[in-house]
Each structure stands twice: as C-alpha cells, then as structure tokens.
Amino acid sequence: MAAIQRRKFDTLIIGAGGGGLRAALKLSDADASVAVVSKVFPTRSHTVAAQGGMNAALANVLPDNWHWHMFDTIKGSDYLGDQDAIEYMCRAAPKAVYELEHFGVPFSRLDNGKIYQRPFGGQSQNFGGDQAARTCAAADRTGHAILHSLYQQNIRARTHFFDEYFSVDLLKNDEGHVLGALIFNIHDGQPIIIEAKTTLLATGGAGQLYRTTTNAMINTGDGLGMALRAGVPLQDMEFFQFHPTGIAGRGMLITEGARGEGGYLVNGDGERLMERYAPKAKDLASRDVVSRAIATEIREGRGCGPNKDYVMLKLDHLGEAVIQKRLPGIRQTCMTFLGIDPAEAAIPVFPTAHYTMGGIPTNRNGQVVMPVKDTPEEVIEGLYAAGECACVSVHGANRLGGNSLLDILVFGRAAANHIIDYLKENRYHRSMDEASVNKAMARFQRWDKKAEDGGESVSALRDELKAVMEQHCGVFRNDEVLKEGVQKIEQLAERLKEATIGDHSDTFNTARVEALELENLMACGLATMHSACARRESRGAHSRIDYPERDDKNWMRHSLYSFESGLDYKPVRTKPVSVDSFPPKPRVY
Amino acid sequence: MRFNIYRYNPDLDSKPYMQEYELRDIEPGMMLLAALLKLKEQDETLSFRRSCGEGVCGSDSMNINGVNGLACITPLADLREPVEIRPLPGLPVVRDLIVDMEQFYQQYREVKPYLIVKDPVPEVELPQTPEQREKLDGLYECILCACCSTACPSFWWNPDKFLGPAALLQASRFIEDSRDQALDERLENLEGPFKLFRCHTIMNCVQVCPKGLNPTKAIGNIRKKMVKNSL
C-alpha cells in the first residue's frame, strides 16, 4: 500500500454541527488553520433538527436573570450538574444569542423588534417562582436557522472543510498527548492522517442506541467510541433523556415549544394528566418528570388508542394562526407522517429516546479531563470536546429543553478560546506516533474481511443492540433487568468482533461506514448499561423501581466508565465560580 | 412492492444499469426511505445518503418516478409500481443514488450566503420588526437538498454560468433581510445574461421543492429589486 497521505493543521475539529462550527468560526477568525472533518455535509448535521430554541435570560418577554437560569438548570440536573460550568453557561448565554443574531440567525421577533422568547419546561422566575419565558426561537426551526447561519459564516471565514470524511480513531503518543486523527475519504476510501496540535471532538450524541428515537441515523456516538478506545472514560452515560413527546411508534420530535405555546397532554380518560404529577408547572415540568408521568399513565391502563399505548398532545385550542406562525415545522411533520393537522386534532405521543446527557468529561474550557492516580480531573493535552458528545457537566441527570443549543454554542466557543491560547504556547506539532497510526489502520482495515468467513451482518446486530437497549435500559429500570442487559450487550459486543460486511468497494462504501458506526454505538451501549446497572438510586432520567429515591449521601457523584478499569466515580463540582452553591433539595415542579 | 433502482459502482461496473428489487411486508404509512433501508439490509451494496428521516437535513434527495424528492417524506402509497429510482439528474454520479454535489455547493457559495453588516454591531440584537422578519419566511427554510436546481433545464444547460434556483433563493434570503448592508453588491453580483437571467420561469423548482418554497418567486423579487435599484 502506498504511503498514507498526511495533512497538518493547528486544529482538527471532528463534527460539523453547532458546536464544531461555532468553534471553527472562532478559530478561523483568529487566523488559526482549522480542518473540520464531518461524515456528512455540514448542514446535514443533527443540530439542524433542533426545534424549540435556545435558553438565555434576555428578559425580552418576562423578567429574567442568569442566576435564575442557573438555579433552574441545577434543579433540572437533579443536582448532578457541575455548578461552576452551569454558572459559566448561564452567564454567557445572552452574549451567545446576540452573537448568533449578528451572524444572521433569523430569530422570530416581538413587536418591539427584539428576539422572541417562549416558555419552556423547568423554567422559573426568582428561583422556583412563576414560569419564565427564556427560550429564544426561530419559529420551531431554531436548530436549522442556527446551523445554516454558522455554516454560512464559516464560508465567509474560509474554514477548511473535509466533507464526507469519516474519523476512524484519535492518534496519541505514549505521554498521552493527542496528535490528531486517522480519517478516510468516504468518496474514495483513502485514509488520511490529520496531524493537529489540538483536536476538538464535536460529534454529537448516541441516540441511535434506541429503536424509537428522535435522533438522526448519523447519531451513532462516534466521538464517544473514539474517546473510549483512546483510554478516555465516559461520564454519566446512564443518564439518557427520553423526550416526552415523540410521535408514538415513529419517533419524530414534537418540540417542547408546543407545550410552551400552550399545548397540553391528555390521557385515555380525557384528563390533563400532568396535573397529577406536577401541580404547579404541569405540562412544563422537567422532561424526566413528564416522560415518567406518561409512562406511568400507560402502565396503569390510562393510555389512548386501541392498545392504550400512547397519550395525546392537544394543540387545536391554540388556533391555526398561532400554530402556523410559531409551530409550522411540527405542523408539517404531523401532516406528513400522521395525516393529522394539529390545528384540528390531537397528536399521539410517547416518551422517545432523545439526548445523551453523559459523554466525554471536560472542564469548562472544553479540555478533556480524566482521573490519573489521585487527581480526578487531569487534563489530556491537546484534546477537547464540546456539545452533546461532551459532559461538562451542565445537564447532570436531566437536561432542560433549550439548554442543548446553548451548551453547544457556549462550549464550542469556550473550547476555541482555550485552543487559541494553547496554540500560542505550543507552536509546533509533536512528532507522530506510528504505533498509534498502525492501530487505527488496523481498525479501519478490519472490515476488509470477507463475508465468506461466515460473519453476522451489521444490520442484524444493530437491530439486536437497539432491542436490548429498549428492553433493558428504558424509562424505568431495575436490577434484574439491567443485569440481564449487561450480559446481553457484552455478548453482542463479542459477536460484533466477528461480523463482516458484503461490500468491499472503495467508492462511497456506506456498508463500511455503518460497520464503523456500529462499533462506536456498541461502545456507548456498554458504557450506558454498565453505568446504569451500578447506580442504585433514582436521579433525573435514571429511574430505578428498586431504588426509587435520590441518594445524595452515596450517589451525588459522577460515574466514569472505561474499557480499562470499568466503573469509577468522581465528585460533583458543587462550588460555582462567583455565587453561592445551590445545595440539593427535593425536586418538586 | 416492486422497485427499479439505478445502480452504478465505478469500481466494478463499466456502465450504469437498472436493478429490480421486490419488497414484501409494506406497512401502512411507510415512506420510501424505510423501503430503501430494508432493501439495503438485503443488499448492502445499494448506496444512498440519508440521515434525519423527517425532511429537515436534505440528505436523501433522489429522482422518484421521474420527479425529484426526499425519500424520507415520500409515502410509498403515492407511488406507481415499479417505483423507478434514479440519482438526481444533471450532476455526476459517484455511485448508485449518490451524486457529486460540489457544483451545487459552489453556486451556493458564489452568492455570498451570509449576513453582511458593515456598521459596528450593537451589544444586543440588531432590531427587526415582525413584518421585516416575515419577509424571510419562505426563504430561510431551504435545506440544500438540490431537488430544485437539478430539476431545472436552465441548470442542466448552463450549470457553470446559471446559478440555479437554490443559490438564487439564498441570494434573495439576504437581499430581503432588513439587517443586511450589501444590497448593491449582491444585486451587481447577479448582473449579466446568465447568473440570474437564465431563469425562464419554467417553475420545475417550485413543483419539486419538498419544503414548499418558491424559488421562481424569489428570482422575480430579485429582478424587481434590480429594476428599482437601477432607477
């Protein structure tokens, strides 16, 4: 084989969603040489599907304050979020929104010309008081508007894009410095070594772990798999968010903004079910609370439909004008997939896999950190992570709606700022570690093995993985089910090692891409199931029927799962940057 | 249900051919993408792009029974058999249903598709009234799927000179934006017999747009602005 092509950049960014593109823009504008590697053309990234909006205490509609936003986020996280990172994010939020607006994002507007803001779940004024309206929106296409504007600004800034290139693995030397990554061009199958002084993982979540999901097919946890294989543990993977309102049986997302605009849930008896579970916030309680409420209603026989297996989201009382103006995207989705116009009829919904709260542990500069000897958070030189693949942790055990777009923009930017400083002091590339290149090449070439050897197919194993995750790691969990899940997923991971594909062409080989993706997804599944099985309490999205209470004494700590040492734990950072800590309290909405 | 799908792998095939597939177990309400995914389980070599599955990412655009569209929001029930599926017309085929979209993206970049503000920006948002913002509806929602441009005869004939409906829709999105301060340059950039004026209002673009957008109208609005600006 001919020598592998090598390219050198100051910074390699893997992933071209909102986090990657925000960082790329900052770096390109600072004259750093940046390579953005994405397995899809940037505007196909999953940020495009975000609907409802982005939280920031602008106080355009109702009184607001970053400190209230901070309180809501900590309470929403069920006190597992790191309070320094949460303070940083909530303080930075207004600036992040104004920057986006200046980049051209077509936010919806109020009569006074300011950005439109809508109420979302878990938001309050004055530390748990009246409902706030904190979510900045471009109708219900906010993610699309933001992603396209960021890509457009990167065109202006002449960022270097590697569109439709797949990242195989991180490259690392013996001292633990990350030196870049091995990628390959999906168009012609040729590998390339990207040498970089700094590497930012911005690869998104792993929502494809579940069969019914709001997530795009590309959300296969690629950065999470790469991190695990590079010896970096994954943090808090047991916390996977189920969005209360996916279209029942199909999974398409119906934004929380639908309830923010005044929609509500009804059960099979026609009752407003949330009154029972969250007397004050009702339909705008936190997502974990609403998802559990729906699942409970159905389990207790109060679902809707012939099989009583979903509940209804009612919007028709809002009137066609409001729906067309504020929720045109979900109206289109309902008409396309259900033949239902939400202006006339209710939408069948069910809690649907939506968001990976866990991920690659970072500090609030986006630097990846891991325990080394007695230090719980030692920085890995040259490696950064931002967005859904990272765990800062601002979402803790449950993310608030509207905080994920905020997370990617604030921490994409923070990582870029830190990288700019780092580059000033690290002017030269370190020499490449050839052993690490060979290891990554072995992973890439492993799929050259022919199907005649009798291996199982990637699609069959993928289906099994999703079924195991759904049955053993869903909204409600218990010891028996989780232990069985661990066994099953360990077996699946073994079988995947022998799997083969039936396409060995170099030209746009999607079978090979799917195989590499499944390896990443399997790694995420292992981390999720193991972490969930070990955590014997209920907190946020992790609901254990056998341990129904939150246990702050034993479990107010972050899980860390690695291939090398299994499970480990580290404390929650309860000390904010400049204000008093919010101590854990019972969580009532 | 029967399908006839365009196949071409330059590593193996000297020329493209149509391959027949059959799929049982069609569920009610099933979209074309779901069928293609099932066919790919049978034949891993069948290649196409896809991601969100709900018509917002723009990956799975293709020519379906002669009409460009997104597989993920095309109901099987609406399709006559055998369903004939080809790559988008007018762009080089990479493999099977995957086309090389570089030319399309090049046209997009050529219209400077980003907000240009020359004055210092305020420390808060640039003001925009709901009425001014409403002018962007029908323009900003484009998902760059290329269904429109690759359905346009003017694009087929002059892909190197005519910018095509998608890029012109983007041009209009910034021309109409009350915050943008580069109107004159934008209009000047579209002068000449080809870039914009090769549009013969055939309106194939309007017919195929999966998001219900109207590039022909946007092009008409740009023309009006040009006339007004030259007076």
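This report describes the pockets, the cavities and the chain contact of a predicted model.

## The largest pocket

The largest pocket has a volume of about 1,500 Å³, and of the 46 residues lining this pocket, those closest to its centre are Arg211(A), Met217(A) and Lys466(A) together with Ala34(B) and Leu37(B). Elements from both chains supply at least two residues each to this lining, namely helix 10 (328-338), helix 13 (458-472) and helix 15 (510-534) of chain A, and helix 1 (32-42) of chain B. By residue class, the lining of the largest pocket comprises 19 nonpolar, 13 polar and 14 charged residues.

## The second largest pocket

A volume of about 670 Å³ is found for the second largest pocket, where Asp169(A), Arg229(A), Lys439(A), Arg443(A) and Phe563(A) are the closest to the centre among the 22 residues of the lining. Two or more lining residues come from each of strand 7 (165-172), helix 5 (222-229), helix 12 (434-445), helix 14 (479-497) and helix 15 of chain A.

The lining of the second largest pocket divides into eleven nonpolar, one polar and ten charged residues. In terms of domains, at least three residues of this lining are drawn from domain 1 (5-239 + 357-434) of chain A, and at least three from domain 3 (448-555) of that chain.

## Cavities

The structure holds nine cavities of 30 Å³ or more. The second largest cavity has a volume of about 250 Å³, and the closest to its centre, of the 17 residues that line it, are Lys39(A), Val40(A), Phe508(A), Thr510(A) and Arg50(B). Helix 15 of chain A gives the most to this lining, with four residues, and the lining as a whole is made up of seven nonpolar, two polar and eight charged residues.

## The contact between the chains

The size of an interface is often expressed as the accessible area that is lost when the parts come together. Chain B and chain A bury about 4,800 Å² between them, with 52% of this area on carbon and sulfur atoms. On the side of chain B, the residues that lose the most area to chain A are Glu44(B), Glu54(B) and Glu125(B), which together account for 14% of what that side buries.

The contact takes 58 residues from chain B and 57 residues from chain A, and five salt bridges are counted between the two chains. Asp503(A) forms a salt bridge with Arg95(B), in which the closest N and O atoms are 2.8 Å apart.

How values were computed: Residues are numbered from 1 along each chain as its sequence is written. Chains are lettered from A and ligands numbered from 1 in the order in which they are written. This is a predicted model: local features need pLDDT of at least 70, side-chain atom pairs count only at pLDDT 80 or more; totals for chains, interfaces and linings use all residues. Side-chain values use heavy atoms; hydrogens and water are left out. On a 1 Å grid over the protein atoms alone, a cavity is a set of points where a 1.4 Å probe fits but cannot get out, and a pocket is an open set with protein on both sides within 12 Å along at least five of seven lines; lining residues have an atom within 4 Å of a point. Grid points are joined across faces, edges and corners, and a volume is the space filled by probe spheres set on the points. Ala, Val, Leu, Ile, Met, Phe, Trp, Tyr, Cys and Pro count as nonpolar, Asp, Glu, Lys and Arg as charged, and the others, Gly among them, as polar. Domain bounds come from an automatic or database domain assignment. Contact means heavy atoms within 4.5 Å. Buried area is the accessible area (1.4 Å probe) that two parts lose on being put together, summed over both. A salt bridge is a side-chain nitrogen of Lys or Arg within 4 Å of a carboxyl oxygen of Asp or Glu.
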